[in-house]
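Here are some exercises to work through with the model open beside you. Try each task before you read its solution.

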Amino acid sequence: MLQAKITDDKLLQAQIQKRIEDCVTLAEKAFQRTFKPPRFNFRLRGVKAGVAYLMQNEIRLNPILCQENPTEFLQQIVPHEVAHLIAFQQFGQVKPHGKEWQFIMQSLFHCPAQVRHRLNTANVQGKTYAYRCACQTHQLSVFRQKRILKGARYFCRRCGESLTPA
């Protein structure tokens with residue numbers, strides 16, 4: 001059983017590496033230049049699926065979400081993060097999900113330019129705190145709760161109201 005899991009993990013890592021290489025190759029053909037292939041690792045925790053570190057040319061992936069959603073990672077998450085790195089290398093400092101990133105996602109990688117993933121995060125969600133606005137209840141992370149206790153304020157994206165403890 002353990003051997004099967006290790007084999008599955010290695011297969012998934014190889015598929016991710018191949019997907020990264022394929023995305024870089026598409027970008028190289030489109031922009032007619034070479035790009036340094038990024039490194040990737042599974043050192044991301046919490047509810048984020050992936051993060052691109054522009055200066056390090058590195059992609060960090062959430063190992064739990066990746067194991068639970070390998071197809072989504074290969075089809076959407078990995079290209080999403082590679083597109084950030086390509087946009088930075090090609091255009092410099094631009095808006096994270098701006099027109100350059102959207103062009104790479106849609107025109108080069110043929111992927112929807114989704115800003116946020118829609119994965120089930122129940123297995124990676126830590127303790128949360130309930131806060132209210134005028135239109136709904138929000139579940140804030142321990143990190144945000146601590147920031148609020150230090151004086152930070154958060155606002156609802158839908159109604160614009162300040163969040164208060166529920």
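**Exercise 1. Find the loop that holds Asn57, and decide whether Asn57 is buried or exposed.**

Step 1. Asn57 sits in the loop between S2 and S3; helices (H or I, at least four residues) and strands (E, at least two) are DSSP runs, numbered from the N terminus. This is a predicted model, in which local features need pLDDT of at least 70 and side-chain atom pairs count only at pLDDT 80 or more, while totals for chains, interfaces and linings use all residues. Residues are numbered from 1 along each chain as its sequence is written, and side-chain values use heavy atoms, with hydrogens and water left out.

Step 2. Asn57 has a relative accessibility of 8%, so it counts as buried (buried means under 20% relative accessible area, exposed over 50%, partly exposed in between, with a 1.4 Å probe and protein chains only).

Step 3. Now check the backbone: phi of Asn57 is near 50°, a positive value in a residue other than glycine. Most residues other than glycine have a negative phi.

Step 4. Compare Gln32, which also is not a glycine and has a positive phi of about 50°. Gln32 lies in the loop between helix H1 (2-31) and S1, and its 73% relative accessibility makes it exposed.

**Exercise 2. Work out how S3 pairs with S1 and with S2.**

Step 1. Strand S1 (residues 39-41) and strand S3 (residues 58-61) run parallel, joined by three bridges; two strands pair if DSSP finds at least two bridges between them. Here Arg39 stands opposite Glu58.

Step 2. S2 and S3 run antiparallel and are joined by four bridges, with Gly50 opposite Leu61. The two strands make a hairpin with four residues between them, and Asn57 belongs to the turn.

Step 3. Return to Glu58 in S3. Glu58 is buried, at 7% relative accessible area. Leaving out residues up to four places away in sequence, Glu58 touches Arg39, Asn41, Val51, Ala52, Tyr53 and Leu85 (contact means heavy atoms within 4.5 Å).

**Exercise 3. In what order do the strands of the open sheet lie, and which are its edges?**

Step 1. The order is S5-S4-S6, three strands in an open sheet with antiparallel pairing. S5 and strand S6 (164-165) are the edge strands, each pairing on one side only.

Step 2. Strand S4 (residues 128-132) meets S6 through two bridges in the antiparallel sense, and Arg132 has Thr164 as its bridge partner in S6.

**Exercise 4. Which residues lie nearest the centre of the largest pocket, and which element gives the most to its lining?**

Step 1. Of the 46 lining residues, Val47, Lys48, Arg116, Arg144 and Arg157 lie nearest the centre. On a 1 Å grid over the protein atoms alone, a pocket is an open set of points where a 1.4 Å probe fits, with protein on both sides within 12 Å along at least five of seven lines; lining residues have an atom within 4 Å of a point.

Step 2. Strand S2 (50-53), helix H3 (70-91), strand S5 (137-141) and helix H5 (142-149) each give two or more residues to this lining. H3 gives the most, with seven residues.
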